[in-house]
Amino acid sequence: MADSEVVRAGEGEVYDVELDENILKANRELAEENQNLLKKNNVVAVDVMGSIGAGKTSLIERLADQLSKRYRIAALKGDLTTTIDAEMIRRHGVEVVPINTGKECHLDANLVRKALKRLPLNKIDLLFIENVGNLICPAEFPLGSEKRLVVISVTEGPYMVVKHPFIFLDAEVVAINKIDLASAMGVEIKNLRADVKKVNPKSEVVFTNGRTGEGVNRIAEALGL
Ligand code: MG
Ligand code: ZN
């Protein structure tokens with residue numbers, strides 16, 4: 001396509017309250033408070049981000065199974081209106097605080113701060129925060145977690161990383177999930193990994209299958225757990 005055919009939004013041209021600098025600054029300050037609170041209680045928090053259907057919940061369930069002997073685990077689960085995922089995670093013996101965002105497509109530090117008040121933080125070692133399924137704005141809203149895990153699935157196609165680079169910038173770990181479906185999807189997982197590494201060379205990229213648990217131990221290792 002010729003470059004001149006593309007309509008390009010100028011800086012700040014798209015109306016989006018989420019990109020208001022004051023809101024982002026207020027969020028960063030609250031994220032810092034969350035981080036201090038978590039540190040004081042020796043809680044390691046992991047913000048789990050990725051599209052709807054990438055497999056965030058399944059991977060949290062598998063991680064909970066693998067790690068529950070060594071850590072006291074809790075979870076915050078962001079969703080628009082449902083608690084389906086929260087209940088799935090709860091079945092693994094994890095204390096879960098569901099967060100419903102209504103129409104908002106991401107968690108923010110204020111919601112996380114409210115949810116943290118519902119947890120006995122001094123009795124928790126590890127906290128998974130499953131963000132709302134979305135690849136775009138969660139990147140703009142730090143929550144105060146110590147680590148960030150981005151989950152992508154081969155079912156999102158071969159170009160998903162190059163199309164959504166920002167979510168990968170601050171991720172310590174990226175899980176490329178549903179690898180058993182890669183050939184059916186015509187996706188080369190090595191290429192996806194190369195795309196992630198190009199955006200964020202410091203990230204650890206692991207291949208996983210949330211259904212079987214394959215590779216989940218490598219997520220834990222990469223997170224330093
Ligand atoms: Mg989920
Ligand atoms: Zn959003």
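Helix H1, residues 21-40, comprises 20 residues and reaches 29 Å from its first C-alpha to its last, close to the 28 Å expected at 1.5 Å a residue, where the expected span is 1.5 Å times one less than the number of residues. This is a predicted model, in which local features need pLDDT of at least 70 and side-chain atom pairs count only at pLDDT 80 or more, while totals for chains, interfaces and linings use all residues. Residues are numbered from 1 along each chain as its sequence is written, chains are lettered from A and ligands numbered from 1 in the order in which they are written, and side-chain values use heavy atoms, with hydrogens and water left out. Helices (H or I, at least four residues) and strands (E, at least two) are DSSP runs numbered from the N terminus.

**Helix H1**

- Leu24, Asn27, Leu30, Ala31, Asn34 and Leu38 of H1 are buried, a term that means under 20% relative accessible area, with exposed meaning over 50% and partly exposed in between (1.4 Å probe, protein chains only).
- Seen down the axis of H1, these buried residues fall within an arc of 125°, so they line one face of the helix; the arc is that of the directions from the helix axis to the C-beta atoms.
- An α-helix has 3.6 residues a turn, so residues three or four places apart point the same way.
- On the other side of H1, Asn22, Glu32, Lys39 and Lys40 are exposed.
- The cover over the buried residues of H1 includes strand E1 (44-49), helix H4 (109-116) and strand E4 (126-130), contact being taken as heavy atoms within 4.5 Å.
- Asn42, which follows H1, has a positive phi, near 55°.

**Strand E1 and its partners**

- Strand E1 is mostly covered, with five of its six residues buried.
- E1 pairs with E4 in the parallel sense over five bridges, and two strands count as paired if DSSP finds at least two bridges between them; Ala45 has Leu127 in E4 as its bridge partner.
- E1 also pairs with E5 in the parallel sense, over four bridges, and here Val48 stands opposite Leu149 in E5.

**Magnesium site (ligand 1)**

- The magnesium ion is coordinated by Thr57 (OG1), Asp85 (OD) and Glu130 (OE) at 2.0 to 2.2 Å; donors are N, O and S atoms within 2.8 Å of the metal (3.2 Å for Na, K and Ca), and sites may look incomplete, as water is not among the atoms.
- Asp85 lies in helix H3 (residues 84-90) and Glu130 in strand E4, so the pair ties together parts that are 45 residues apart in sequence.
- Both Asp85 and Glu130 are buried.

**Zinc site (ligand 2)**

- The protein donors of the zinc ion are Cys105 (SG), His106 (ND1) and Cys137 (SG), which lie 2.0 to 2.2 Å from it and are spaced C-H-x30-C in sequence.
- His106 lies in the loop between strand E3 (95-100) and H4, and Cys137 in the loop between E4 and strand E5 (147-153), so the pair ties together parts that are 31 residues apart in sequence.
- His106 counts as buried at 4% relative accessibility and Cys137 as buried at 7%, whereas Cys105, at 27%, counts as partly exposed.

**Ser203**

- Ser203 lies in the loop between helix H7 (189-199) and strand E7 (204-207), and at 1% relative accessibility Ser203 counts as buried.
- Leaving aside neighbours within four places in sequence, Ser203 is in contact with Ala171, Glu172, Val174, Val196 and Lys197.
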